[in-house]
Amino acid sequence: FNAAISACEKGGEWEKALQLFYVMADRMVEFDSTTFNAGISACAKDGEWRTALRLLSVMAQINVETNATTFNSAITVCEKRGLWVKALQLLCVMRQRKLESGRITCNAAVSACEKASAWEDALQLVVGAETRGTITFNAVISACEKRGRWKDALQLFNVMAQGSVERDAITLSA
């Protein structure tokens, strides 16, 4: 079933992936984190945030262990739908569970903040992030720019230079 759900995810067929969950339940097949990760990712790719977050909730209800992949997918769907507060909440839960939040997670959370012009939250994320890259900084600089925070944007530009973080055309145009 996991392979079939993953195939649905890759094909953008979140509804079919969800149907396989029902088939698994009917046949009393045990769910695992791989099953849910593929389902959440399938929903995330199509922007089905409610369904993705419902699957995350079901994982807790039936005691299926979450991992970084689970939260990356859930945070990504929140980012795509502009749910920056929910993205930050999920990041907090992830950290409380001592799950490693890498660059993908940080980028998605920062991007969610940037889209909402939540520059202060985006700035806090980049300051506290262990893995920061060009994409992360670009999103925060863009959030600062949207709110007229040019001094903060310039300071981040300088931090990039000091930390040997590559600056690209997006960095320079923000």
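**Figure 1. Overall fold: read along the sequence, the protein runs α-α-α-α-α-α-α-α-α-α-α.** This is a predicted model, in which local features need pLDDT of at least 70, side-chain atom pairs count only at pLDDT 80 or more, and totals for chains, interfaces and linings use all residues. Residues are numbered from 1 along each chain as its sequence is written, and side-chain values use heavy atoms, with hydrogens and water left out. The secondary structure comes to 11 helices and zero strands. Helices (H or I, at least four residues) and strands (E, at least two) are DSSP runs, numbered from the N terminus. The C-alpha atoms fill a box of roughly 60 × 30 × 25 Å along the principal axes. The protein has 174 residues, and 45% of them count as buried. Buried means under 20% relative accessible area, exposed over 50%, and partly exposed in between (1.4 Å probe, protein chains only). Of the contacts with a separation of 6 or more, 58% come from residues 24 or more positions apart. A contact means heavy atoms within 4.5 Å.

**Figure 2. Helices α1 and α2 pack against each other.** Helix α1 covers residues 2-10, and helix α2 covers residues 14-26. They pack at an angle of about 165°, with their axes 8 Å apart. Axes are lines fitted to C-alpha atoms, for helices over the stretch in contact, and angles run from 0 to 180 degrees between N-to-C directions. The two helices are therefore roughly antiparallel. That term applies to angles over 145 degrees; under 35 is roughly parallel, 65 to 115 roughly perpendicular, and the rest oblique. α1 passes α2 in a left-handed crossing. From α1, the contact uses A4, I5 and C8. From α2, it uses K16, A17, L20, F21 and M24. A crossing is left-handed if the near helix is turned anticlockwise from the far one by less than a right angle, and right-handed if clockwise.

**Figure 3. F21 and F31 form a stacked aromatic pair.** The structure holds three aromatic pairs. In the F21 and F31 pair, the rings sit 5.6 Å centre to centre, with 15° between the planes. Rings of Phe, Tyr and Trp (its six-membered ring) pair if their centres lie within 6.5 Å; planes under 30 degrees apart count as stacked, over 60 as edge-to-face and the rest as tilted. The pair links distant parts of the chain, 10 residues apart. F21 is in helix α2, and F31 is in the loop between α2 and α3 (33-45). F21 counts as buried because its relative accessibility is 7%. F31 is also buried, at 18%. Ring pairs link F21, F31 and F36 into a cluster.

**Figure 4. T70 sits in helix α5 (residues 68-80).** T70 counts as buried because its relative accessibility is 0%. Its side chain makes a polar contact with the side chain of N37, at 2.5 Å. A polar contact is a pair of N or O atoms within 3.5 Å; within protein, one must be able to donate a hydrogen and the other to accept it, and residues adjacent in sequence count only if both atoms are side-chain atoms. Not counting residues up to four places away in sequence, T70 touches N37, I40, L56 and M59.

**Figure 5. C106 is buried, whereas D26 is exposed.** C106 lies in helix α7 (residues 103-115), with 8% relative accessibility. C106 and T76 are 30 residues apart along the chain, and their C-alpha atoms are separated by 9.9 Å. D26 lies in helix α2, with a relative accessible area of 67%. D26 and V58 are 32 residues apart in sequence and 16 Å apart in space, C-alpha to C-alpha.
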